[in-house]
Amino acid sequence: MARQKNIFSVMAMVTVGASAFILPLKQPLNGPALCVQRASSTTRFAVSQDELKKQVGYKSVDDYVQSGMVVGLGTGSTAAFAVERLGMKLKAGELKDIVAIPTSIRTKEQAESLGVPLVTLDSHSVLDVAIDGADEVDPALNLVKGRGGALLREKMVEVCAKKFIVIVDDSKMVPGLGVTGAMPVEITPFCHEHTQRTILELPGVKGAATGKLRMDGDKPYVTDNDNYIVDLYYTDPIADVKAVARALEGVVGVVEHGFFLDMTTAVIVAGKEGIEVINKK
Ligand SMILES: O=C[C@H](O)[C@H](O)[C@H](O)COP(=O)(O)O
C-alpha cells in the first residue's frame, strides 16, 4: 500500500453563504501505523454535507490521478464528485490518455455524459487507482459499502486497483462497523427467502442482526447484476468482522457482501474543520 510522507498542501474550499473561500493548509505527513494529516484552522464556517463530499471528490482526482492511468470510478453521491472532477480535467486538457472503469450503470452514464473514455475489466484487469465513497469506515480503514446497491461491481473493480482511495465526509467514520445502518449482502433471486434465513442463522449474525430484503416500492430491489439485496441491521458494532465476512462467503446463494476488508490505501475525510488524509500503513 502506498504511503505519503512528504509535506503536503491542501486547499480546502469552504462555502459561506454564496461565497467560496480557499483555505491553504500546510500539513506535515509522517507517522507510524495510521498516518493522519489534519487540516487545522481557527476559522469555522458552515459547510454543507454536499460541499464536504465535493471537497474530497475533487481532491482525490487532483492528488491521485495522473495522465495515462486506468482509473476505477465508484458509485454514490460522493464518488459522483470525483467523476465530475475527472471529466472537468479531461475536458480542460489537464489530464490525458485516461481510461476509466465504472462500478455501476449510473456511474457509467455519468462518465459517458462527461466524455470520460471507458473500458472494462475484460480489457484492463489492473487499475492504477480506484476512487469510491463508503457507508462506514472503521479505525483500521475497513469499510461497509453497498447501501447504494453497487457493492458487487465496486468490489470487483476495486480489488484490482493498485491504490484504492476512499472519499467520505466525517459522518462515515465509526469506531466499529455495523452501527449506522445496513450491512448489505447481495444474493441470487432464486430461493432468496431460503438464503436470507440461512444468513440469519450464521454465527456473528444470529442474535446480533436482523435482516430485511431491500425493496423498491412493492417489489424487491434489483441490482445492476439482476440480484437482490438483504440488508443486515446490527444493534452493536460487529465484534469480529472478518469472521462474519468469511461466514457469509460460505453461503451458497450469497453473491457478495458489503464488507471491504484490507483493501483501502487511504481515506480522504472532510469535516467542518478541514480535510484529513488517513493512509493505511
Ligand atoms: O453502493 C453504494 C456504494 O457502496 C457507495 O459508495 C456508498 O453507499 C456511499 O455512497 P454515498 O457517497 O452516496 O454516501
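**Close-up views of a predicted model**

**View 1. Residues around the ligand.** The ligand is surrounded by 18 residues, and the closest are Gly 76, Ser 77, Thr 78, Gly 133 and Gly 148. A residue is near a molecule or strand if its C-beta atom, placed from the backbone, lies within 6 Å of it. By class, this shell holds 4 nonpolar, 9 polar and 5 charged residues. Here Ala, Val, Leu, Ile, Met, Phe, Trp, Tyr, Cys and Pro count as nonpolar; Asp, Glu, Lys and Arg count as charged; the others, Gly among them, count as polar. The model is predicted: local features need pLDDT of at least 70, side-chain atom pairs count only at pLDDT 80 or more, and totals for chains, interfaces and linings use all residues. Residue numbers start from 1 along each chain as its sequence is written.

**View 2. Helices α2 and α3.** Helix α2 spans residues 79-91 and helix α3 spans residues 105-113. Helices (H or I, at least four residues) and strands (E, at least two) are DSSP runs, numbered from the N terminus. The two helices pack at an angle of about 25°, with their axes 9 Å apart. Axes are lines fitted to C-alpha atoms, for helices over the stretch in contact, and angles run from 0 to 180 degrees between N-to-C directions. α2 and α3 are therefore roughly parallel to each other. Angles under 35 degrees count as roughly parallel, over 145 as roughly antiparallel, 65 to 115 as roughly perpendicular and the rest as oblique. Ala 79, Ala 80 and Val 83 of α2 make the contact with Thr 107, Gln 110 and Ala 111 of α3. Two residues are in contact if their C-beta atoms, placed from the backbone, lie within 7 Å. This contact of α2 with α3 has 4 nonpolar, 2 polar and no charged residues.

**View 3. Helices α1 and α2.** Helix α1 (residues 49-64) and α2 cross at roughly 45°, and their axes come within 7 Å. That makes α1 oblique to α2. On the α1 side, the contact residues include Lys 53, Gly 57 and Val 61. On the α2 side, they include Phe 81, Glu 84 and Arg 85. The contact of α1 with α2 has 6 nonpolar, 2 polar and 5 charged residues.

**View 4. An open sheet of 4 strands.** The strand order is β11-β14-β10-β15, with antiparallel pairing. Two strands pair if DSSP finds at least two bridges between them. β11 (209-213) and β15 (254-257) stand at the edges, each with a single partner strand, so one side of each has no neighbour in the sheet. From one strand to the next, the twist averages 30°. Strand β10 (residues 182-187) is joined to β15 by 3 bridges. Val 185 has His 257 of β15 as its bridge partner. Helix α4 (residues 151-158) lies across β10 and β15, running at about 70° to β15.

**View 5. An open sheet of 3 strands.** The order is β7-β8-β16, and the pairing is antiparallel. The edge strands, β7 (136-137) and β16 (259-260), each pair on one side only. Between β7 and strand β8 (residues 143-144) there are 2 bridges. Val 137 stands opposite Leu 143 in β8.

**View 6. The β17 and β18 hairpin.** Strand β17 (residues 266-271) pairs with strand β18 (residues 274-279) in the antiparallel sense, over 6 bridges. The hairpin joins β17 to β18 through 2 residues. Opposite Val 269 stands Glu 276 in β18.
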